[in-house]
Amino acid sequence: MKRTLLFLLTISLLLSMTACSGYNRIMREHLSNEENYCDVEATFCSYEEANDRIYLYLAVEDKSAFDSSEVDSEEIILALVGDNCKVLREVLATEEIREGDRITVKCSTLIYMDSTFYYVAEIRNQDKIFLSFDEGLKNITKYVNDNKSLF
């Protein structure tokens, strides 16, 4: 009886330590592969800073590249992580990108686990590249590798 209880307690502890605590191998490989990102034309709506992320809210007319659950949503949520936040924080604070601006983003189009956002690796408009794809992908790859899950 004690062995069974100890086993169940150990399993519960391991599961609680790994739940949403990092990026597993499949996620790291997917987010590190440049083939898993696509260009999306969007209208910038707003942004929100939370913890170590910046969430961008964008209106997207053609949602065919995204998860089917996005069909009826008014806005798509994209996340900037790691050093990509540092790069864009000043751009957003100085309002180089404002509500209603048309921008092009290169982002992942797969939602992971129970999250509600996609990862963005590039942001540009007609005149300016705010975050280049090479730098953005490098920063995402570094971030996910620095935040690996146990399993």
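Is Glu122 buried or exposed? Glu122 is buried, with a relative accessible area of 10%, where buried means under 20% relative accessible area, exposed means over 50%, and partly exposed lies in between (1.4 Å probe, protein chains only). The model is predicted, and local features need pLDDT of at least 70, side-chain atom pairs count only at pLDDT 80 or more, and totals for chains, interfaces and linings use all residues. Residues are numbered from 1 along each chain as its sequence is written, and side-chain values use heavy atoms, with hydrogens and water left out.

Glu122 forms a salt bridge with Arg124, with the closest N and O atoms 2.4 Å apart; a salt bridge is a side-chain nitrogen of Lys or Arg within 4 Å of a carboxyl oxygen of Asp or Glu. Arg124 is partly exposed, at 23% relative accessibility. The whole structure holds 7 salt bridges. Another of them joins Lys128 to Glu96 at 2.7 Å, N to O. Lys128 lies in the loop between strand S5 (118-124) and strand S6 (129-131), and Glu96 in the loop between helix H3 (83-93) and strand S4 (102-108), so this pair ties together parts that are 32 residues apart in sequence. Helices (H or I, at least four residues) and strands (E, at least two) are DSSP runs, numbered from the N terminus. Lys128 is partly exposed at 39%, and Glu96 is partly exposed at 33%.

A further salt bridge links Asp146 and Lys142, whose closest N and O atoms are 2.9 Å apart. Both residues lie in helix H4, 4 residues apart, about one turn of the helix. Lys142 is partly exposed, with 46% relative accessibility. Salt bridges with shared partners join Asp39, Glu122 and Arg124 into one network.

The count of aromatic pairs is 3. Rings of Phe, Tyr and Trp (its six-membered ring) pair if their centres lie within 6.5 Å; planes under 30 degrees apart count as stacked, over 60 as edge-to-face and the rest as tilted. The ring centres of Tyr37 and Phe133 are 5.7 Å apart and the planes stand at 70°, so this pair is edge-to-face. Tyr37 lies in strand S1 (residues 37-50) and Phe133 in helix H4 (residues 133-146), so the pair ties together parts that are 96 residues apart in sequence. Tyr37 and Phe133 are both buried. Phe117 and Tyr119 also form an edge-to-face pair, at 5.4 Å centre to centre and 70° between the planes. Phe117 is buried at 7% relative accessible area, and Tyr119 is buried at 3%. Tyr55, Phe117 and Tyr119 form one aromatic cluster.
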